[in-house]
Amino acid sequence: MSRDEDSRPAAEAGETILSLAGVDQLALLGWNDANLRLLEARFDGTITVRGEMMVLRGPQAPLTSLAAAVRRLIAMAAHGQALDAVSVSYVLDEEFGAGEGAPAADAGAGEPLYFAVGARQAVRAKTPGQQAYVDAIRGHDVVFAIGPAGTGKTYLAVVMAMEYLKRRLVERVLLVRPVVEAGEQLGFLPGDLREKIDPYLRPLYDALADTIGPGRIARSMASGVIEAAPLAYMRGRTLSNCFVILDEAQNTTVGQMKMFLTRLGLQSKAVITGDITQIDLRDKEQCGLLAARRILAGVQGVAFVELDGRDVVRHPLVRRIVDAFLRDEAREGGRC
């Protein structure tokens with residue numbers, strides 16, 4: 001009997017019974033029932049778990065939405081997808097916020113992308129937006145990921161680069177960032193040029209360390225399999241058999257973006273990430289990321305993925321902060 005067949009309305013109005021047979025209840029309900037508390041906070045009724053049954057009682061309209069949300073969470077848990085505050089809140093927002101027209105989560109979404117060193121679970125896409133991002137990388141040679149902080153733009157790009165490297169679909173990985181100060185001056189930082197540049201590349205190093213382990217980074221960089229460099233060093237190069245990540249692309253000029261995109265050689269893939277709400281260029285009209293979105297829309301082989309607050313996978317408060325800033329910018333017409 002399928003789980004949908006086990007899930008049935010009870011005779012009493014305003015009550016739905018869901019079967020939890022074969023479901024890892026710790027994964028579904030969360031540590032110390034953290035996920036269960038999120039469900040209760042969005043439902044004007046009661047949720048009771050008895051053995052392998054979950055009983056929902058309350059007003060019919062929210063009851064229907066909550067039952068649909070729980071069924072999706074059960075399917076996600078059955079596929080081994082981690083259920084944390086981010087993923088549970090995403091499902092609840094879709095079922096309660098967007099109503100019946102909300103897109104249904106693909107039960108197969110969140111398949112393992114990479115088994116990170118030291119991680120107890122495989123790295124997975126946590127939201128439908130992230131899954132669309134991963135699918136775009138697999139299906140296109142040039143992918144632009146545009147979205148706010150915390151949506152996994154850089155992290156997932158690094159994970160996919162390591163997966164392509166492990167499967168020998170590319171021979172090396174190149175991590176690139178424009179060196180643009182956000183209030184500080186690069187020249188005042190201590191050390192030689194390499195030591196000045198390293199802080200700008202630190203987010204990429206952090207993603208690498210989480211994926212392949214800190215010990216392998218130095219060896220891979222010494223052998224040239226992984227390279228990190230500022231965008232200015234790309235001029236004149238041809239990048240073949242390479243997975244290239246251009247991070248913080250909102251701080252590239254139009255000329256720099258054109259220069260970078262024309263570096264690609266045979267058997268190469270480029271992922272360009274950026275947040276257009278955090279442009280540090282003095283002349284924002286010269287933003288290469290905005291120009292690329294306008295000029296390259298519809299070009300075959302190029303994909304644009306727009307992530308938003310629903311895809312934020314950091315602390316749940318980050319999502320609320322992002323949304324608050326977006327509302328303020330809308331009111332102020334984008335004025336900082």
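Where is the place of L20? L20 lies in the loop between strand 2 (15-19) and helix 2 (25-29); helices (H or I, at least four residues) and strands (E, at least two) are DSSP runs, numbered from the N terminus.

The model is predicted, with local features needing pLDDT of at least 70 and side-chain atom pairs counting only at pLDDT 80 or more, while totals for chains, interfaces and linings use all residues. Residues are numbered from 1 along each chain as its sequence is written, and side-chain values use heavy atoms, leaving out hydrogens and water.

L20 counts as buried because its relative accessibility is 1%; buried means under 20% relative accessible area, exposed over 50%, partly exposed in between (1.4 Å probe, protein chains only). Leaving aside residues up to four places away in sequence, L20 touches Q25, L28, V49, E52, M53, M54 and I74, where contact means heavy atoms within 4.5 Å.

Six strands form it, open and with parallel pairing, in the order 7-6-8-9-5-10; two strands pair if DSSP finds at least two bridges between them. Strand 7 and strand 10 each have a single partner strand, so one side of each is left without a neighbour in the sheet.

| Strand | Residues |
|---|---|
| Strand 5 | residues 142-146 |
| Strand 7 | residues 226-230 |
| Strand 9 | residues 269-274 |
| Strand 10 | residues 302-306 |

Strand 5 pairs with strand 10 in the parallel sense over five bridges, and V143 has A303 of strand 10 as its bridge partner. Helix 11 (residues 288-295) packs on the sheet and touches strand 5, strand 9 and strand 10. The direction of helix 11 makes about 120° with that of strand 5; axes are lines fitted to C-alpha atoms, for helices over the stretch in contact, and angles run from 0 to 180 degrees between N-to-C directions.
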